[in-house]
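Let's take a friendly walk through a protein structure, strand by strand. Have the sequence and the 3D view ready as you read.

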Amino acid sequence: MKKLSFLVAVLCLAAALFCGCARGVDYSAFISEKRTDIFIYKDDDKEIKIYCSEREQPYAADGIMGDICPIVEIFVTLPKNPQELEVSVESVEGEMNYRSVENCFYLSFTAAAFGKASVDVTLTYDGKSETFSALSVKYAGVMSCEQAVLCAAEHDKELFESLMKKGAFDGEIYVRLLYDEGCYYYVGVCDKSKKITAYLVDGEKGKVIAKKQLEG
């Protein structure tokens, strides 16, 4: 009799959990920007950063999702800026543009994430070419972008639930992998009034470290 009662209790609990999952919202369907990987090479005088993302085009923080495209962005910092700088990575090459505000060179192109631990980057400038190995910042135990969004949603249930309209999320979500001696995630929730609620999430533990209100 006790065994039967225990089984009934387990079945009831399983049913409750199943119903809870069935009512859950797939927030990943409302992500309009997702930075999934970062590759870095750095020595005493050079730095190369590569961001692999999926992002709406055209990009607009307006709470409305657009068409999503894969994008790779490359940032290069050199001790002395050459007149021209060309970069080659994963069979894609092009001339980089100089950004005076950030004091770096930049190039972006449409391509899917590399899906590997390192990529070779060749820089050509001042009549010479140099190849560097840029390493992914991700390591075992780092959660996915989708998991980071769920951590933010669990932390601030009231906000996420308030944006649910007729079974759909009435806004858009940005999630970007960050690296600073460890992996973190920026999760931004943008509503139709262009107000953004931003969260900093620990990339391993899933803990929300900070929350801030921004204007889009």
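## Glu86 and strand E4

Glu86 is found in strand E4, which covers residues 86-89. Keep in mind that you are looking at a predicted model. Is Glu86 buried, partly exposed or exposed? Its relative accessibility is 40%, so Glu86 counts as partly exposed; the partly exposed class lies between the buried limit of under 20% and the exposed limit of over 50%.

Glu86 also belongs to a negative surface patch.

## Strand E8 and its neighbours

Which strand does E4 pair with? E4 is joined to E8 by 4 bridges, and the two run antiparallel. You can find this pairing in the model by looking at Glu86, which stands opposite Thr124 in E8.

Strand E8 spans residues 118-125 and has two faces. Val119, Val121, Leu123 and Tyr125 make up the covered face, while Ser118, Asp120, Thr122 and Thr124 make up the uncovered one.

## Strand E7, largely enclosed

Now turn to strand E7, residues 104-109. Why is E7 described as largely enclosed by the rest of the structure? The reason is that 5 of its 6 residues are buried.

Strand E3 (residues 67-77) runs antiparallel to E7 and is joined to it by 5 bridges; look for Phe75, which stands opposite Tyr106 in E7. Strand E6 (residues 97-99) is also antiparallel to E7, with 3 bridges. In that pairing, Arg99 has Cys104 as its bridge partner.

E6 and E7 form a hairpin with 4 residues between them. Within the turn, Asn103 has a positive phi of about 55 degrees.

## A buried phenylalanine

For a last stop, find Phe39 in strand E1, which covers residues 31-42. Phe39 has a relative accessible area of 0%, so it is buried.

How far apart are Phe39 and Ile50 in sequence and in space? They are 11 residues apart along the chain, and their C-alpha atoms are 4.9 Å apart.

Key
Residues numbered from 1 in each chain as written. Predicted model: local features only at pLDDT ≥ 70, side-chain atom pairs only at ≥ 80, totals over all residues. Heavy atoms only, no water. Buried < 20%, exposed > 50% of the residue type's maximum accessible area, 1.4 Å probe, protein only. Pairing = 2+ DSSP bridges. Patch = residues over 30% accessible without salt bridge, like charges linked within 9 Å, V, L, I, M, F, W, Y side chains within 5 Å. Areas by Shrake-Rupley, 256 points an atom, 1.4 Å probe, with all protein chains shown as cover. Salt bridge = Lys/Arg side-chain N within 4 Å of Asp/Glu carboxyl O. Lys, Arg positive; Asp, Glu negative; His and termini not counted. Charge placed at Lys NZ, Arg CZ, Asp CG, Glu CD.
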